[in-house]
Amino acid sequence: MRIVNIHEAKTQLSKLVDLASKGEPFIIAKAGKPLVKVTPLEAPVKPLIQRLDFMEGQGLIPEDFDRMGEIEIGRLFAGDA
C-alpha cells in the first residue's frame, strides 16, 4: 500500500483521491509515522422502492371515480356555491 507524507498528500490530493476511489487506498504519514488510511467508501445502498400496487385487491374503486363530485366542483368553478 502506498504511503505518502502530508505535504505530498496536500499537493496531490485530487490525484490520490481519484486513485483511492478506484480501489487503490493509501496511507498518509507525518515524519514517517502512519496517521490515517484513505480508502473508498462503499456505494450507498439505494432504499427499497415501494411498489404502488402493494395493496392490490384490498379495496374497490367505484366505476364513476373520475366523475365523483363533478356537479359540486362545477358549481364551485362557476361561482354558484
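Me: Why is Lys-22 called exposed?
Reply: The relative accessible area of Lys-22 is 61%. Exposed means over 50%, buried under 20%, and partly exposed in between (1.4 Å probe, protein chains only), so Lys-22 counts as exposed. This is a predicted model, in which local features need pLDDT of at least 70 and side-chain atom pairs count only at pLDDT 80 or more, while totals for chains, interfaces and linings use all residues. Residues are numbered from 1 along each chain as its sequence is written, and side-chain values use heavy atoms, with hydrogens and water left out.

Me: What makes the meeting of Lys-22 and Asp-18 a salt bridge?
Reply: The N to O distance between these side chains is 3.2 Å. A salt bridge is a side-chain nitrogen of Lys or Arg within 4 Å of a carboxyl oxygen of Asp or Glu, so the pair of Lys-22 and Asp-18 qualifies. Asp-18 itself is partly exposed, with a relative accessible area of 35%.

Me: How do you know that Glu-8 and Arg-2 form a salt bridge?
Reply: Their closest N and O atoms are 2.9 Å apart, and the definition therefore covers this pair as well. Glu-8 is partly exposed at 23% relative accessibility, and Arg-2 is partly exposed at 37%. The structure holds 3 salt bridges; among them is that of Asp-66 with Arg-67, with closest N and O atoms 3.5 Å apart.

Me: What makes S1 and S2 paired strands?
Reply: Strands (E, at least two residues) are DSSP runs, as are helices (H or I, at least four), and both are numbered from the N terminus. Two strands pair if DSSP finds at least two bridges between them. S1 and S2 have 4 bridges in the parallel sense, so they pair. Ile-3, for example, has Ile-27 in S2 as its bridge partner.

Me: How do you know that S2 and S3 pair?
Reply: They are joined by 5 bridges in the antiparallel sense, and therefore they meet the definition. The bridge partner of Phe-26 in S3 is Val-38. The 3 strands form an open sheet of mixed pairing in the order S1-S2-S3.

Me: What makes up the largest nonpolar core?
Reply: A nonpolar core is a set of buried Ala, Val, Leu, Ile, Met, Phe, Trp, Tyr and Cys residues joined through side-chain atoms within 4.5 Å. The largest one has 6 residues: Val-4, Ala-9, Leu-16, Ala-20, Phe-26 and Ile-28. Helix H2 (13–21) and strand S2 (26–30) each give two or more residues to this core.
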